[in-house]
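Thanks for asking me to look over this model.

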Amino acid sequence: MSIENILMPQLGESVTEGTIEKWLVKPGDKVNIYDPIAEVVTDKVNAEIPSSFTGTIKELIANEGEALQVGTIICSVEVTNGSTEQATAQPEESNVSSAILNANIPKQKEENEIKETASDSSNKKRYSPAVLRLAQEHNIDLELVEGTGLECRITRKDLQKLIENGQMPQKDTSVVETVPQVEEVKTEAKVRDVSVQSAVGAGDIEIPVSSIRRAIAKNMVRSSQEVPHAWMMMEVDVTDLVSYRDSIKNEFKAKEGFNITYFAFFIKAVARALKEFPMMNSVWADDKIIQKKDIHISIAVATEDALFVPVIKHADEKSIKGIAKEIHELSTIVRNGKLRSEHIQGGTFTVNNTGSFGSVQSMGIINHPQAAIIQVESIVKRPVIMEGGMFAARDMVNLCLSLDHRILDGLICGKFLNRVKEILENVNKDSMSVY
């Protein structure tokens, strides 16, 4: 029996300290190797720290909310068998690679060949928390998965590849297994997992979350938590645009094989205005603002039960026809379930066609790390007072802009929206040719 220390790991090459967000164990709790013991937050990643040992928690040395340098002792474990394995923290952010707790793991004692052989045969049964979580979410039978990690251990990348390819070996849920009595679950992390499982009742449907959907969800949560949103709305008279589009839509569809939509005109107008106001085409990078040279417009495409955000690359260099074609192709890819990560990467500004749902006013969540998003609302006919005091029925639309107040302010956003308004209110075959 010995007392072993667990240290604050280095979660990334440039990370020098981490903060204990929450302890998942308490003194006296028994833990197995790889069991999560604490949630740690750094400036680059949030992660669960797994235990490096099998034993009993002796003392929690670090306090919740305390920032500690890498290599600082955070807790001690009373180890009974003296055998340890290398454990890996599993970051929650998609752009951070797995961080190895290289400060915590002493060299494993030499064993005889018989013990090594027995250990090799059981490697697949030792899974990291991330592997167990993915397997549970997608009902993957880990016994049928071939691992590519050290000593054929199953890694998170192995499961992600199976999920993306749709080749997931499923557990046979028709067989009821007899589960031996196990030690009471004590950590809050495990309790949460059990609660989620027990919440699924008869007739409920479990819908696996795809890797693409998970990336979008994390980005939206991050945006709502980190970005100081501000909003602005402008009313635009698009009567000439409606008239011009209606005059060419049938001929265009017959010639090109796809529809010329109002949305293509809005994207072209936004892309043209972004050329004139490049600060709107910026992204937040913590210690600096990056003004992007290329204009890549993210658009929202809805399916029956989800919303995805593919990207039209170099939108400012494309004609109305070219933009309309990309809208059609990206929408087809999304609805056929063939969207890949490269389709949603690189966006610098988002234009969302909320008007397709009948909305007339909305406030979008900024697609982090972009600076802004425009919601294009429904085009509706309304009586408008014209010059001379006369009323006329006009086609009107609201453009709703959400902006990151760290990057932008009302002055530049007002000028930008006014320029988009000016372009859209003067659409004709000469000012905005389809071809």
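**Notes on the predicted model**

1. Let's begin with a loop: Tyr34 sits in the one between β3 (30–31) and β4 (36–41). Please keep in mind throughout that this is a predicted model. Tyr34 has a positive phi of about 80° although it is not a glycine. Most residues other than glycine have a negative phi. The residue is also buried, since its relative accessible area is 9%, below the 20% cut-off for that class.

2. His314, which is not a glycine either, has a positive phi of about 50°. You will find His314 in the loop between β17 (311–312) and α8 (320–335).

3. The protein chain holds 9 helices and 21 strands. Of its 435 residues, 42% are buried. Among contacts with a separation of 6 or more, 66% link residues 24 or more positions apart. The chain exposes about 24000 Å², and carbon and sulfur atoms supply 50% of that area.

4. The largest nonpolar core has 58 residues, and Ile267, Met280, Ile297, Phe349 and Phe416 have the most contacts inside it. Helix α7 (residues 262–276) gives this core its largest share, 10 residues. A second, separate core has 20 residues, including Leu11, Ile20, Ile37 and Ile57.

5. Apart from neighbours within four places in sequence, Ile297 is in contact with Ile267, Val270, Leu274, Pro310, Val311, Ile312, Ala315, Phe349 and Val351.

6. Strand β19 (residues 372–376) deserves a careful look. The strand is largely enclosed by the rest of the structure, because 5 of its 5 residues are buried. Which residues of β19 point which way? Ala372, Ile374 and Val376 point to one side, while Ile373 and Gln375 point to the other, and all are buried.

7. β19 has strand partners that run in opposite senses relative to it. With β18 it runs parallel, joined by 3 bridges, and Val351 stands opposite Ile374 of β19. With strand β21 (residues 391–404), β19 runs antiparallel through 5 bridges. There, Ala372 has Leu403 in β21 as its bridge partner.

8. Asn352 belongs to strand β18 (residues 349–352). Asn352 counts as buried because its relative accessibility is 11%. What does its side chain meet? A polar contact of 3.1 Å joins it to the side chain of Gln375. Leaving out residues up to four places away in sequence, Asn352 touches Phe263, Ala300, Ile373, Ile374, Gln375 and Val376.

9. Most peptide bonds are trans. Pro369 is found in the loop between β18 and β19.

10. Next comes a hairpin. Strand β20 (residues 380–385) pairs with β21 in the antiparallel sense over 6 bridges, and Val384 stands opposite Ala392 of β21. This hairpin has 5 residues between its strands, and Gly388 takes a positive phi near 90° there.

11. For the cysteines, how many disulfides does a search of the whole structure find? The count is 0. A disulfide is a covalent bond between the sulfur atoms of two cysteines. Cys400 is buried, with a relative accessible area of 4%, and Cys413 is buried as well, at 0%.

12. Ser76 lies in strand β8 (residues 73–84). With a relative accessible area of 5%, Ser76 is buried. Not counting residues up to four places away in sequence, Ser76 touches Ile3, Glu4, Asn5, Thr56, Ile57, Lys58 and Glu59.

13. Last, a residue at the surface. Glu164 has its place in helix α3 (residues 156–165) and counts as exposed because its relative accessibility is 58%. Glu164 and Arg340 are 176 residues apart in sequence, while their C-alpha atoms are 9.0 Å apart in space.

Key: Residues are numbered from 1 along each chain as its sequence is written. This is a predicted model: local features need pLDDT of at least 70, side-chain atom pairs count only at pLDDT 80 or more; totals for chains, interfaces and linings use all residues. Side-chain values use heavy atoms; hydrogens and water are left out. Helices (H or I, at least four residues) and strands (E, at least two) are DSSP runs, numbered from the N terminus. Buried means under 20% relative accessible area, exposed over 50%, partly exposed in between (1.4 Å probe, protein chains only). Contact means heavy atoms within 4.5 Å. Accessible areas come from the Shrake-Rupley method with a 1.4 Å probe; for residues, only the protein chains shown count as cover. A polar contact is a pair of N or O atoms within 3.5 Å; within protein, one must be able to donate a hydrogen and the other to accept it, and residues adjacent in sequence count only if both atoms are side-chain atoms. A nonpolar core is a set of buried Ala, Val, Leu, Ile, Met, Phe, Trp, Tyr and Cys residues joined through side-chain atoms within 4.5 Å. A disulfide is a pair of cysteine sulfur atoms within 2.5 Å. Two strands pair if DSSP finds at least two bridges between them.
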